[in-house]
Amino acid sequence: MNANVLNAVEKEAAERGLWQDGDTIIAAVSGGPDSMALLHMLHMLAVPRRLRTIAAHVNHGFRGEESAAELELVKRYAEKLGVPCETTTLALTTYIEENALNLQAAAREKRYAFLHEVAKRYGASRIALAHHGDDQAETVLMRVIRGAGLSGLSGIPARRSENNVELIRPLLRMNKSDLLAYCEEGDIPYSTDSSNLERHYFRNTVRLDILPYLSQFNPQLPLSLQRLAEVAGEEDDFMASQAASAFETVVRVEDGEYAVSCRDLQGLHIALQRRLIKLILSYLSQDTENISWSGIERMRFAAATEAPSTWRHDAGSGVRCLREYDTMRWIKIPPEGGGLEPGRYVYEIREGMAYIHAVSAGWTFRLQWLDAASSGRPRPASRSEAIFDASELRFPLMIRNRLPGDRIHVLGLNGSKKVQDMFVDEKIPPSGRATYPLLCDSEGRLLWIPGIRRSSHALAGEGSRKLLHITASTGE
């Protein structure tokens, strides 16, 4: 038995923290040379490292008798080693139809579900997968061809947490040839997957044609790609930590909404701007694979000083990005697809009422009914207050949200002005305009835009006897 290979695996596990003495490990064994070698290695390390190994094999049923023979091979060899073996045979047709998946995606999903099920049954903290250095080189090259950033170039991770279990890959620094030699020296049986020669799989084309062709120009290309994955992975981890730190510093999170000032976003290095946007998107959706580089750039450029002060973009995966003056916001679009426009709301104010909470608007109104003679003619302390001659009002008054074409006869101005234009002038965020409360009378006359301006109607004057003093505030 090749002691050097075994020592290399043990060193790799120690360096990357792949397992600890006494761990229970589920070995995913397909029956090929890579996974059969991995099973044997874990068996050899069981005593010195007090490891408990369980073999797990999935028969996808893709290759009929060949697949059935692999299952029997794995069972027999596990029995020979004295290793418990769990197996399953998949029926994928119905699952593919119900979940709209292709064959490979469905097989992978069901395979990993089985591995996690076995891990839970045995109380295992690790699932060992047999991906090796050649797999890593192929993965990196495939991603280069398709277009990838730093995260993509990091390739297959040596370890990754999934459902409270660590997925570990102890063979990532070994080549296929090393594993074949290990099997030959140790008389380890294995099967050969005939589908590995079918070029309609992109990975097979890369392995059989593209990598050999490119290796003419660099015989060490697979090794170079493996090293690229390691360097990219380490730098990706560093950038991820920097993005997390920036998130804590500049991002405000409230009610499932993420906001950052345009200045703060623009103040970050370009690489961190992109990372931060991607991190925010990942918090809002688990499905961000389809959000493109150009989409990230569109959101980044929207924060620039010269960009429009209000802007909206559906980023995909159920996420919407908005610029509202000096703030960038990311929100989840309601599942019914109705966007941000809420339903209509109307709250009535009848004479004598003292308080009303307009829930749909998120505003509260307090009302005081005053005798003009004894009140000393109070004056509004701010735009959040308004005083009306109650005798000139047509009740019931209404608090409602904006309607298309709403106009108000602003006090001190000739003629009327569109409410929409006033929102723009006052820099009311577009997302808040649809719910912003307006005070009207029963004839539909617009009396007051709380916090902004009031109309010239029902002014309190010398002849006023009864006054209505309204104070508006956000919240309850």
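**View 1. Pairing of R252 with A259 in the predicted model.** A259 in strand β8 is the bridge partner of R252. Strand β7 covers residues 252-254 and runs antiparallel to β8, with three bridges joining the two. Strands are DSSP runs of E with at least two residues, numbered from the N terminus; two strands pair if DSSP finds at least two bridges between them. The model is predicted, so local features need pLDDT of at least 70 and side-chain atom pairs pLDDT 80 or more, while totals for chains, interfaces and linings use all residues.

**View 2. The turn between β7 and β8.** Two residues separate the strands of this hairpin. D255, in the turn, has a positive phi of about 55 degrees.

**View 3. Strand β8 against β11.** β8 is joined by four bridges to β11 (residues 327-332), and the two run antiparallel. M328 in β11 stands opposite V260. Of the five residues of β8 (residues 257-261), four are buried, so the strand is largely enclosed by the rest of the structure. Buried means under 20% relative accessible area, exposed over 50%, and partly exposed in between, using a 1.4 Å probe and protein chains only.

**View 4. Surroundings of H57.** H57 lies in strand β2 (residues 52-59) and counts as buried because its relative accessibility is 1%. Its side chain reaches the backbone oxygen of V29 at 2.8 Å. Beyond neighbours within four places in sequence, H57 is in contact (heavy atoms within 4.5 Å) with residues including V29, E70, T87 and F114. Residues are numbered from 1 along each chain as its sequence is written, and side-chain values use heavy atoms, leaving out hydrogens and water.

Note on methods:
A polar contact is a pair of N or O atoms within 3.5 Å; within protein, one must be able to donate a hydrogen and the other to accept it, and residues adjacent in sequence count only if both atoms are side-chain atoms.
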